[in-house]
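Dear colleague,

Please find below the structure that I am handing over to you.

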Amino acid sequence: MDPHIAADLSALDTAVLHSRLSELGSYLDLDGIQQRVAELDERMSAPDFWDDQNAARALMAEVNPLKHRMEAFSALKSRLEDIDATIELAQEADDDDLGREAVEEFAKWQKSLADFELLTLLNGPQDQASCYVTIHAGAGGTEACDWASMLMRMYIRWCERRGFSVTYLESTDGDDAGIRSVTLKVDGEYAYGYLKNERGIHRLVRISPFDSAGKRHTSFASLDATPEVSDSISIEILDKDLKVDTYRSGGKGGQNVNKVETAVRITHIPSGVIVACQNERSQLRNKEEAMNMLRAKLYQIEEDKKQAEADRQYSEKGDIGWGNQIRSYVFQPYQMVKDLRTGVESGNIQDVMDGNLDPFIEAMLRGHKRER
């Protein structure tokens, strides 16, 4: 066998990986998960399971992530056993090809383990839920509106990479370019878990294409993420606390667009929260979706209050300007994206704007802190 391959094989310590996998299984309480899945499967097999569709969907939303974790863990365990067998066979047969295969599979398995460990960190009560994302332009005028549209594109690209679906719920165009605000619904497993730490102020520094003098401008936009709240969670909303306005939808196409008042805006008077939806063809469906968003935002506010971080975390309540940003995107005089909470940075700004946000999201989930 090639000496380099033989040395690489000798350096593969699968015993450590077996230990890490075992510790991870204990942390996840796989026995408890298996018992819970069995209970849910029994309920799903009942003849009247689909009589209450809301309850059925809630149960499916609970059981699918549990099964996914069990299957992912079993696949990791099986792959590691295969790697053990390949290493042993390569050494016994003195086979270079098998040796290379073992080394490659070992590296791939380590990456898969890191991905699975990250998934285990998404253990919040609403982490597995779909997510409402709202982006607002802040200080900076037309430049800020353009920055808000760039952020929207960036997060849509990230969703596409993840296989998440995105639905436009409401948007307001800027006076000259970009958007003043937009609300998107992101559907996908653990959408909120991944996006919850993206809440905050995002700062852009660049030479503005809207400045004939070619000066450098600083602009801000805020992002807010709230989970789609399950019907099993009770959020009391009184009719007397709501102000409901209807207006004509903006945008292109559609039989009713710009002709009848199908768009709905709801103001929750006690909290000041405003939600709107205009993507559906009927006023009733827009109102239903707007109420879902309102429930999600009120739930998020209560969660923030429990953590005593409402003023800092709930981005729509804070100033969208200096001193509050979580991440800076510098296009000129140099190129750098830097997260001000974790210290993670990237010099490939185009890659980030094309949706490669995973290093920033992963660092927050793993609890990394910026060195000061």
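**Packing around helix α2**

In this predicted model, helix α2 (residues 14-28) packs against helix α5 (residues 96-120) at an angle of about 20 degrees, and their axes are 12 Å apart. Angles under 35 degrees count as roughly parallel, and α2 and α5 are therefore roughly parallel to each other. The crossing of α2 over α5 is left-handed. On the α2 side, the residues involved are T14, L17, R20, L21, L24, Y27 and L28, and they meet F106, W109, Q110, L113, F116, E117 and T120 of α5. Sorted by class, this contact comprises nine nonpolar, three polar and two charged residues.

Helix α2 also packs against helix α4 (residues 53-93), here at an angle of about 165 degrees and with the axes 11 Å apart. Since angles over 145 degrees count as roughly antiparallel, α2 is roughly antiparallel to α4. This crossing, too, is left-handed. From α2, the contact involves T14, L17, H18, L21, G25 and L28; from α4, it involves R69, F73, L76, K77, L80, I83, D84 and I87. Its classes are eight nonpolar, three polar and three charged residues.

**Residue D241**

D241 lies in the loop between β5 (216-227) and β6 (242-247). With a relative accessible area of 16%, D241 falls under the 20% limit and is therefore buried. Leaving aside residues up to four places away in sequence, D241 touches T267, H268, I269 and P270.

**The chain as a whole**

The protein chain has 11 helices and 11 strands. Of its 372 residues, 42% count as buried. Taken along the principal axes, the C-alpha atoms fill a box of roughly 75 × 65 × 45 Å. Among contacts with a separation of 6 or more, 66% join residues 24 or more positions apart.

**Confidence**

The mean pLDDT of the protein chain is 86, and 90% of the residues reach 70 or more. Over residues 252-257, however, the pLDDT is below 50, and this stretch has seven contacts in the model beyond near neighbours in sequence. Residues 309-317 also stay under 50, and the model gives them 23 contacts beyond four places in sequence. Where pLDDT is low, the predicted coordinates should not be read in detail.

Yours sincerely

Technical notes:
Residues are numbered from 1 along each chain as its sequence is written. This is a predicted model: local features need pLDDT of at least 70, side-chain atom pairs count only at pLDDT 80 or more; totals for chains, interfaces and linings use all residues. Side-chain values use heavy atoms; hydrogens and water are left out. Helices (H or I, at least four residues) and strands (E, at least two) are DSSP runs, numbered from the N terminus. Buried means under 20% relative accessible area, exposed over 50%, partly exposed in between (1.4 Å probe, protein chains only). Contact means heavy atoms within 4.5 Å. pLDDT is the predictor's confidence in each residue, from 0 to 100. Axes are lines fitted to C-alpha atoms, for helices over the stretch in contact, and angles run from 0 to 180 degrees between N-to-C directions. Angles under 35 degrees count as roughly parallel, over 145 as roughly antiparallel, 65 to 115 as roughly perpendicular and the rest as oblique. A crossing is left-handed if the near helix is turned anticlockwise from the far one by less than a right angle, and right-handed if clockwise. Ala, Val, Leu, Ile, Met, Phe, Trp, Tyr, Cys and Pro count as nonpolar, Asp, Glu, Lys and Arg as charged, and the others, Gly among them, as polar.
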